[in-house]
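Here is a short briefing on one protein chain. Please look over the sequence and the structure first.

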Amino acid sequence: MSYKYYPITGIKDGVGADGKIPVRRDFDEWSLSEDPTDKTQFILYLLALKRLQAVDPADRDSYFQIAGIHGYPYRPWDEPSTTQKEIGRKGYCVHANNLFPPWHRPYMLLYEQRLYEIMVNEIIPKYPAYKDEYLKAARTWRLPFWDWAKNPKIPKMARYKSIWITFGGEPQVEISNPLYQFRMPNDKKMRVYEVGSIVNFDGGDPFDYGECIATSRCPTKEDLANPKAWADGVVHDDQADKLMAEHSSVTDESYGSAAELVYRLLTYPMDYPHFATLARDETAMSVGASTSKATNDINLEFIHNNIHYWVGGNGGHMSQIPVATFDPTFWLHHCNIDRLFALWQALNPDKWFETDIQRFFDQKIVGSGTVITNKTPLRPFHKDTRGTDWTPDDARDWFQLGYTYPELPSRKEDPSKLLKMINETYGISRKEALMLAKDTTAVPGVEVIKNTDPTKEGVELYDYALSIKYSKFALGGSPFNIEVFLRPEKDTENTFRTEDFVTNVFNFSQPPENGDGVEVCSNCKDGQAQNIQATAYVPLTSYMIKMFKQQQIDSLEQPVVEKVLARMYWRIVSIGGNPIPEDQWKDTMNLDLSVSKTKMSYSANPELPSKFPDPEFIPNLGTSLSQPSIPAGVSGNNITVAKINKLSEEVSTGGSIVFKSPSMNLQKPTRDNGTGIALLYWDPSSKADPLDTENYDILMSMVIRNKRGVVQCNYKPAGKGYNVISEFSPSPWFSSNPQLRVDIKDSQFDIYVDGRKAYSYNREIKKNVTHVHYYTAPSRAEPVMAREITANTYRDTAGVS
């Protein structure tokens, strides 16, 4: 009998005659609803989850095995031909690249589908008198989400160890709450099923999760030292609430800091890679840093990481990658991550990705290659019983998967209505600014926009944010917190008082280790050698408004605010809260804290977007690494692969363009792929498609071919064909962090490689350079340079250093 794969199809039942798709509901709203159908669904959900958690952990379709896909017990799942040798100490979960959102989508779908199967096949048949009623309720049920941005507390119905239910005409009965914690069937230790230890990041004995019978949230030091408490699991939801409150931006609003982060994530313009993952390929000191937009420092993965730490605490399952999924709150949390993904997609329907690289990740990934694409298999998930793999493209449209979210009932939502929801639910800084505008006394630094039409009124003020960049593996993969404080005005020493705390960033990572929880130093060195960079973004405006309200400052004008922010200081602490001496991280952290500002214009009409120019970094605030001074006549540009990049300033005769990359793949490939940089001219009067390079004059293209060690040059007028290729061989070849310079002369382009003149190419089309196309041939190949490089333009070649 041939093996049958588990087909993850989504729930097909419940779709209305009019095509209406069932909705995944807000957990707090749904679980506390008095509506009879909602109450039935909630009890079915509890009973199904309780039954799923009781399935033999050796069973492929058990809660234990499904949770184990993420990490421990490091076993193949639904892949009969995959050997344990191939798995080794690898998990399937994906972080630190573009697959982070789409990989978790079929994972949530699998969990949702298993619960539904148990509802209709195992729970409801026990109550034949209520079969039709319960089936009707079950068919429109979908997995709930926890909106921790709107409700930054552990959900009420997940806080009780047991719950009383009345169901199926039977007397009221008390059941253990499967949302409170996961408990192993028959109280077997997790070690029986090969869950092991994880390094204690504070230097103590490893956390022995193999000894656990049940999961923990925010265990205390006393709990960790008590073998029985550790084995039985402890749940301190009040402590998790405290972490979410303490680590929020300081605001009087009922929502925590995650609300403002979500607001900016969904309203700031950004491409898919910057939305999806915190991983970046440049460091604060690299060529990419000087032109990196502050708005690109906010991302879905960074926001997600903090929730893991706040819920799990030091030693709790949620804060440890290999065991996070065993905590039932994981699924509520990640369902909300999927919701934010869907909201962003609805607002940005044309933004997606084709290629990315697999960066070093603390838990090695099963089957991970060096290049990923929108066709990469999302292992171990299958679409049918034959074993057809899911791909990112398969996961792109959530409507086709049988569910949607409250804000997205039709897939044809008016963007202005979505924006209204986002503004009113998550826009904390916007709310506070508009409230200041209503103050009868003028607030220095706040400009009220008056208009005879009330819908066009609003407010303007400077908005401030902290961008934090750091090396993910600075401490060998051990997670850590970056804590930021603000020193009181008259103090001269950094005292790290709780009342001076501003924010923190949690580095959600895991050091490579062996089965005994001992670090394998060679793996740690591999991660450090690749120097994976991460970014975080923390809004500061609410903090400044609070200081104004508390009369700690008398103005929100730029000089006053910037003087306050100059008193910021920071430290690195372990996951247990112990400060790490600077000499242990200074040389590896590549820490860059920088403050940006922009003039934010908020409309009183919530259906209108906020307006602001690109933020600019403020010199001499933070670590002062982000924005080295740029001389007059020089402009910086980020150049992204597979994209036509518009230069901030045109380059004409007598000027230069200097391209820099933080990395270069120097290995000779097996195929003759090419990495191209084309200098383009766009006619501003053109009505043609600006996304098609055919409509540009290609003044000169340079294609780097590693295999043959040549650079090929060509040109092409708009709408016409390419001309004869010229090529040259730089000697020596490009360095590991190359620089490619082009001087634009009257009749030629002079090309320099790493400071040495390598070639002169005839300038047949004498127009200004307005755009740069950075591409690969074939299009799905990985560029030999970094995916994001920089181009500094010079009005005068003499200004090139």
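The protein chain exposes about 32,200 Å², and carbon and sulfur atoms supply 49% of that area. The model is predicted. Of the 801 residues in the chain, 59% are buried.

**Overall make-up**
- The protein chain holds 19 helices and 27 strands.
- Take the contacts between residues at least 6 apart in sequence: 70% of them join residues at least 24 apart.

**Helices H2 and H5**
- Two packed helices are described by the angle between their axes and the distance between the axes.
- Helix H2 spans residues 36-54, and helix H5 spans residues 100-123.
- H2 and H5 pack at an angle of about 100°, and their axes are 9 Å apart.
- H2 is therefore roughly perpendicular to H5, because angles of 65 to 115 degrees count as such.
- On the H2 side, the contact is made by Leu-44, Tyr-45, Leu-47, Ala-48, Leu-49, Arg-51 and Leu-52.
- On the H5 side, Tyr-111, Arg-114, Leu-115, Ile-118, Met-119, Glu-122 and Ile-123 take part.
- By class, this contact of H2 with H5 has 11 nonpolar residues, 3 charged residues and no polar ones.

**Lys-417**
- Lys-417 lies in helix H15, which covers residues 415-426.
- Lys-417 has a relative accessible area of 47%, so this residue is partly exposed.
- The cut-offs explain the label: buried means under 20% and exposed means over 50%, with partly exposed in between.
- Lys-417 and Glu-407 are 10 residues apart along the chain, and their C-alpha atoms are separated by 9.0 Å.

Key: Residues numbered from 1 in each chain as written. Predicted model: local features only at pLDDT ≥ 70, side-chain atom pairs only at ≥ 80, totals over all residues. Heavy atoms only, no water. Axes fitted to C-alpha atoms, helices over the stretch in contact; angles between N-to-C directions. Helix = DSSP H or I, 4+ residues; strand = E, 2+ residues; numbered from the N terminus. Parallel < 35°, antiparallel > 145°, perpendicular 65-115°, else oblique. Contact = heavy atoms within 4.5 Å. Nonpolar A, V, L, I, M, F, W, Y, C, P; charged D, E, K, R; others polar. Buried < 20%, exposed > 50% of the residue type's maximum accessible area, 1.4 Å probe, protein only. Areas by Shrake-Rupley, 256 points an atom, 1.4 Å probe, with all protein chains shown as cover.
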